[in-house]
Amino acid sequence: MNHATDGEQSMALETLYPIREVSRLTGVNPITLRAWERRYGLLVPHRTDSGHRLYSQRDIERVQAITSWIAKGVAVSKVASIIDRDELEAPQPAVSPEPPSALEQWQGALDEALHAFDLSLLERRYEQMLAAMPLASALTGVLLPLLQRQRRGGASALLLDGMLRGRLLQRCGHREDGRPTVLLVNLQGTEVEVEALSTAALVAEAQVNVGFLSAMPDAASVLMAAEQSACQLLVLFSEGPLESSMLQRQLVMLNQHLDCDLALAGGCCALQSDVLAATGVHRLGVLGADLGSRVQLLLAGQLDS
């Protein structure tokens, strides 16, 4: 007679989640979760007899830790060693709960305005937050995580989305004579437009004038736009992996015919680091505090990527 091991009994009692539920809870799409598992060994989900992935609460917490480190600019290939080291060195949890961090407090303050559907209060608290912290910290630590949660239901997501688009477009629209021009193209359209605008706003902090294309036309049109804007740098933004046509044809065409530097930004830099390294295209990385400085280094011909 076979007896289940302690590990099997524990697994049977533990709540396990399908990949679509993990995606809903963390904001990370299933394609990315599978890539983290296959390419980098960041996740080891349970498997059903039919091969479907099931994730534990610990797996969900690990996904949240991964996204946090990537948001800080750490390459996805290096995240596993950092997380595993932190788990080994982590102290035992305190008996009393930790007080909310400053970022959590700001999320709560904005959440309160959203639940009241009070645009004036939302904008006032947005301005107060930016007076208290850098834009990069506000975006990565408060605004984008809050927007991802709000997107899962309710009109309040539209209120936050609209306010953010307006404020970020305003930042990107600021122009000063004598500054270099950077043209940023969003490869994924409306799905991640706020994330693309966030990237453009941080690029603008590199003391450059930013042009923003909300969607990717054909490569010939992008070449024309780059030429007419006289930009010194063309940035292509994508949170997800680039399609094969972009990797095999359009990037090559742009690299050959552009009179300016070409770079990629967003999650694709981490998800396809090895493939993109082979193309020779510069990688600015994910949204983070160092994005502006990386743009400055690239424009000065000193970025090693």
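The model is predicted, so local features need pLDDT of at least 70 and side-chain atom pairs count only at pLDDT 80 or more, while totals for chains, interfaces and linings use all residues. Residues are numbered from 1 along each chain as its sequence is written, and side-chain values use heavy atoms, with hydrogens and water left out. Two packed helices are described by the angle between their axes and the distance between the axes.

**Helices α9 and α10**

- Helix α9 covers residues 156-172 and helix α10 covers residues 193-204; helices here are DSSP runs (H or I, at least four residues), numbered from the N terminus.
- The two pack at an angle of about 30°, with axes 9 Å apart; axes are lines fitted to C-alpha atoms over the stretch in contact, and angles run from 0 to 180 degrees between N-to-C directions.
- That angle makes α9 roughly parallel to α10 (the label covers angles under 35 degrees; over 145 is roughly antiparallel, 65 to 115 roughly perpendicular, and the rest oblique).
- α9 passes α10 in a left-handed crossing, meaning the near helix is turned anticlockwise from the far one by less than a right angle, with clockwise being right-handed.

**Ser198**

- Ser198 sits in helix α10, and it counts as buried because its relative accessibility is 0% (buried is under 20% relative accessible area, exposed over 50%, partly exposed in between, with a 1.4 Å probe and protein chains only).
- Its side chain reaches the backbone oxygen of Val194 at 2.8 Å.
- Leaving aside neighbours within four places in sequence, Ser198 touches Leu139, Leu144, Leu168 and Leu287.

**Helices α2 and α4**

- Helix α2 (residues 19-26) packs on helix α4 (residues 57-71) at about 45°, with the axes 10 Å apart.
- So α2 is oblique to α4, and their crossing is right-handed.
- Val22, Leu25 and Thr26 of α2 meet Ile60, Val63 and Gln64 of α4, a set of 4 nonpolar, 2 polar and no charged residues.

**Glu61**

- Glu61 lies in helix α4 and, at 45% relative accessibility, counts as partly exposed.
- The C-alpha atoms of Glu61 and Thr26 are separated by 8.8 Å, though the residues are 35 apart along the chain.

Technical notes: A polar contact is a pair of N or O atoms within 3.5 Å; within protein, one must be able to donate a hydrogen and the other to accept it, and residues adjacent in sequence count only if both atoms are side-chain atoms. Contact means heavy atoms within 4.5 Å. Ala, Val, Leu, Ile, Met, Phe, Trp, Tyr, Cys and Pro count as nonpolar, Asp, Glu, Lys and Arg as charged, and the others, Gly among them, as polar.
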